[in-house]
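Please read the following alongside the sequence and the coordinates.

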Amino acid sequence: MHAIRSLMTLAFLALLGVAACSPTYRNHGYVPPEIDLAQVQVGQTTREDLPALIGRPSAQGLLTGSGWYYVGSRWRRIGPAAPQEIERQVVAVSFAESGVVSNVERFGLERGRIVSLSRRVTDGSVTEISLIGQLLGNLGNFQAADFIE
């Protein structure tokens, strides 16, 4: 009787161990389905029309909203191993100067690269002059009165 109980306990623990190693999946982000993207007409749809057609983007281009990017990914984790990205889709919507859609592209994991993003914010602006620029800029600003006491 004791041997059967030990065998049942061992079988139960083995079953729990196998169940713990089953994969779990997580989805991140949003990519509009192909049926919604078919409503976007290149050369006709404007930036203002897109939120009603396919939703707001995950990210926008840095230069005055030059593009909208929809990013979605699917991750798999098996047991204690680190999660692994198994699928990624990126939809890039580009705009012309007038705000009309100029291109719609879809990329997958095979065309993408993992990029480390930094959330550091600098206090200075892009138009500030560097140290070397300041030194070279002062070369022609000397007057004779500056050297005579």
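Where is the place of Ile78? Ile78 belongs to strand 3, which covers residues 67–78. The model is a predicted one, and the values below are computed from it. Ile78 has a relative accessibility of 40%, so Ile78 counts as partly exposed. Leaving aside residues up to four places away in sequence, Ile78 touches Cys21 and Pro23. Ser22 also belongs in this picture: the C-alpha atoms of Ile78 and Ser22 are 5.9 Å apart in space, while 56 residues separate the two in sequence.

The overall layout comes next. The chain has 4 helices and 5 strands, and along the sequence they follow the pattern α-β-α-α-β-β-β-β-α. Of the 149 residues in the chain, 18% are buried. The accessible surface comes to about 12,000 Å², and carbon and sulfur atoms hold 59% of that area. Among contacts in the chain with a separation of 6 or more, 47% are between residues 24 or more positions apart.

Strand 4 and strand 5 can be taken together. Strand 4 spans residues 84–95, strand 5 spans residues 101–108, and the two run antiparallel, joined by 7 bridges.

Which residues does Thr45 touch, not counting residues up to four places away in sequence? They are Gln39, Val40, Leu50, Leu53, Gly99, Val100 and Val101. Thr45 is located in the loop between helix 2 and helix 3, the latter being residues 50–54. The relative accessibility of Thr45 is 7%, and therefore Thr45 counts as buried. A polar atom of the Thr45 side chain lies 2.9 Å from the backbone nitrogen of Gln41.

The charged side chains remain. Side chains of opposite charge can pair when their charged atoms come close. How many salt bridges does a search of the whole structure find? The search finds 2. In one of these pairs, the side chains of Arg106 and Glu34 meet, with an N to O distance of 3.0 Å. Arg106 lies in strand 5 and Glu34 lies in helix 2 (residues 34–37), so this pair ties together parts that are 72 residues apart in sequence. The accessibility of each partner can be stated separately. Arg106 has 33% relative accessibility and so counts as partly exposed, whereas Glu34, at 53%, counts as exposed.

Glu85 and Arg88 also form a salt bridge, and their closest N and O atoms are 3.0 Å apart. A polar contact of 3.0 Å likewise joins the side chains of these residues, Arg88 and Glu85. Arg88 lies in strand 4. Is Arg88 buried or exposed? Its relative accessible area is 11%, and the cut-off for buried is under 20%, so Arg88 is buried. Glu85 and Arg88 are both buried.

Technical notes. Residues are numbered from 1 along each chain as its sequence is written. This is a predicted model: local features need pLDDT of at least 70, side-chain atom pairs count only at pLDDT 80 or more; totals for chains, interfaces and linings use all residues. Side-chain values use heavy atoms; hydrogens and water are left out. Two strands pair if DSSP finds at least two bridges between them. Buried means under 20% relative accessible area, exposed over 50%, partly exposed in between (1.4 Å probe, protein chains only). Contact means heavy atoms within 4.5 Å. Accessible areas come from the Shrake-Rupley method with a 1.4 Å probe; for residues, only the protein chains shown count as cover. A polar contact is a pair of N or O atoms within 3.5 Å; within protein, one must be able to donate a hydrogen and the other to accept it, and residues adjacent in sequence count only if both atoms are side-chain atoms. A salt bridge is a side-chain nitrogen of Lys or Arg within 4 Å of a carboxyl oxygen of Asp or Glu.
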